[in-house]
Amino acid sequence: MNNEYDNKKFFGEYAKMPRSKNGLTAAGEWHQLKPLFPLLQGKKVLDLGCGYGWHCKFAAEQGAAHVLGIDLSTKMIEEAEKRNTQNQIEYRVCGIEQYEYPESMWDCVVSNLALHYIEDLEKIFQKVYKTLKPDGVFIFNIEHPIFTAGVGQNWIYTESGKPEYWPIDNYFFSGERNTKFLGCDVIKQHHTLTQLLMGLLNNHFELGVVEEAKPPKEMMDLPGMKDELRRPMMLLVKAIARK
Ligand SMILES: C[S@@+](CC[C@H](N)C(=O)[O-])C[C@H]1O[C@@H](n2cnc3c(N)ncnc32)[C@H](O)[C@@H]1O
């Protein structure tokens, strides 16, 4: 399976992002994602699309007994093993679609900014439900449908180069979107809000929290951050597997 994160140029550009250099505190959504986690002391945590492993490290620091981070990209897993190792953490090169999802195995499944690469998300919701213990918690942050339905996933700019507005088209046509991300061609998957939320409700999840990411005040003066209040880029969800 092709994954841009193993492309040398893209991987190099990704490494320059503030969140890659400085971890969760540099991620604009972390102040909203962190409070969604349940107590992790002694718990088992699965991270889907773990990247450098920042959320795995967080889970281990919270006292999780075992953390598994899976990612399709060999380069990202190598980086996770360099940066965020702890005894309780295991990393594995494995696609979200290919993981075996053992029945009632995990207390918490987390996925940050990886599920918009998945075409058949409802199938993953079913597998996550199966692999969670009763009342287990699924927390994810996915690119927002308003973002993924953006034309070219980019602003329309004024002549002087300022973002004028965010164009949306073909909202109800879910599926593949060819985008430019970090100067590279990246294929993402657009899912409507109904598909995301009803996909959970139709598969026995209870919705706990739904949030749209807004940068914290202290990041507001960073370049481009004020524009993040003009359209939502990320959708954060906490869902509970009722069994
Ligand atoms: C934006 S990064 C986020 C990484 C990490 N979750 C974080 O928040 O720091 C997206 C990650 O998803 C991974 N990914 C994309 N498609 C995947 C798939 N089908 N299965 C597993 N991982 C995938 C990429 O390799 C990449 O590491």
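His204 is found in the loop that lies between α8 (193-201) and β10 (205-212), where helices (H or I, at least four residues) and strands (E, at least two) are DSSP runs numbered from the N terminus. The structure is a predicted model, in which local features need pLDDT of at least 70 and side-chain atom pairs count only at pLDDT 80 or more, whereas totals for chains, interfaces and linings use all residues. Residues are numbered from 1 along each chain as its sequence is written.

Most residues other than glycine have a negative phi.

Leu182 is partly exposed because 15 C-beta neighbours lie inside 10 Å. The flanking strands, β8 (residues 175-181) and β9 (residues 184-190), run antiparallel and are joined by seven bridges, pairing being assigned if DSSP finds at least two bridges between two strands. Within this hairpin, which has two residues between the strands, Thr179 has Val186 of β9 as its bridge partner.

Around the ligand there are 19 residues, of which Gly49, Gly51, Ser73, Asn112 and Tyr117 come nearest; a residue is near a molecule if its C-beta atom, placed from the backbone, lies within 6 Å of it.

Technical notes: A residue is buried if 20 or more other C-beta atoms lie within 10 Å of its own, exposed if 12 or fewer, and partly exposed in between; C-beta atoms are placed from the backbone.
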